[in-house]
Amino acid sequence: MRSDTFKEQEKISLIEVLIELPYFIAVVFMAVFSGSLILILDAFETAGVITQSGMSFGLSRKLQGSGEFQYDYGMGKIEAFGGFVSAILLFAGLLITLIFSVGELLAPSAAGNILLWAVFLKIFSVVLDIWLYLKQVGAAKSIDSNFMKSNVINSGKVLAFDSVALFTISIAYFFREFPHIEYVEPVICIACVVWFAVAGIKNMKNIIPDLLDRTLGEKEQLQILKRVTEISGGIEGFEGIRTRRSGHLVYIDLLVSFKSGETYGEILELIDKFDKSVKSVLPDSVCAVVISAPRYGE
């Protein structure tokens, strides 16, 4: 089920990249010739979507695995890096859009006829967004994964923005003869800039720590130590634990020595018991036991 889910995610991400690339070229063309503020912001937002979809495609291939061996170490960092690059592109777009929006408020201009083509383009985009969002929701239901959940959230954000963009462009074109209608687009763009900026800052707060290895908090460390007592009957010496986060996974190393009379089978049984006990409180944990030589003469 896990492999099938990530294979489905791979297909979704590939479709998104293949569609968004020509869409990006079309949006840049229309933004340049129409001067539409919302299309300028759309171009940067689409560049971020392409980056994240490309990362999602690569991650989905890596995470498919055979079931016997699953290599996903560092995947959280790659996912976070994709989000970081997308956020940088978006923040650059927000700054440029804000500057142009203020300029448009001071010296407004009328909408051009090319915006009619932009309306048709955005209708297609919104229909595609709805389909992709439903596909992401369906894929995420089959597995409990932060990676899949983040794809659903990103698809929802894209759908919300494209819907606002379609509304804004439609108003700017079809009501272009109305007085003061030229102020609608820059005002909506400034509102979008504020919304994206707030969401982007919150997202960056989550992304930056995931780019670094972090130790667990005191509460979680105490939970792990409590689990050590459950296997203490076979332990000769306890050297400590090492913990760190990488993306949504928690890596735990238990440093112990076992009694000299313990058999290999008994040691494996204790290790398995510790692993299951830790996973009961930290489901996304990867446990390893580092065995050192027993201490004598102490």
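Visitor: Which exposed residues does helix H8 carry on the face turned away from its buried side?

Guide: On that face of H8 are the exposed residues Glu269 and Lys276. Exposed means over 50% relative accessible area, buried under 20%, and partly exposed in between, with a 1.4 Å probe and protein chains only. The model is predicted: local features need pLDDT of at least 70, side-chain atom pairs count only at pLDDT 80 or more, and totals for chains, interfaces and linings use all residues. Residues are numbered from 1 along each chain as its sequence is written, and side-chain values use heavy atoms, leaving out hydrogens and water.

Visitor: Which residues of H8 are buried?

Guide: Ile267, Leu270, Phe274, Asp275, Ser277 and Val278 are the buried residues of H8. They lie on the same side of H8, because their arc around the axis is only 165 degrees. The arc is taken from the directions from the helix axis to the C-beta atoms.

Visitor: What span should H8 have?

Guide: Helices are DSSP runs (H or I, at least four residues), numbered from the N terminus. The expected span is 1.5 Å times one less than the number of residues. With 16 residues (264-279), H8 should span 22 Å; its end C-alpha atoms are 23 Å apart, which agrees.

Visitor: Which residues touch the most other members of the largest nonpolar core?

Guide: In soluble globular proteins, nonpolar side chains tend to be buried together. A nonpolar core joins buried Ala, Val, Leu, Ile, Met, Phe, Trp, Tyr and Cys residues through side-chain atoms within 4.5 Å. Here the largest has 29 residues, and Ile38, Leu39, Leu115 and Ile169 touch the most other members. H5 gives the most to this core, with seven residues.

Definitions and conventions:
Helix = DSSP H or I, 4+ residues; strand = E, 2+ residues; numbered from the N terminus.
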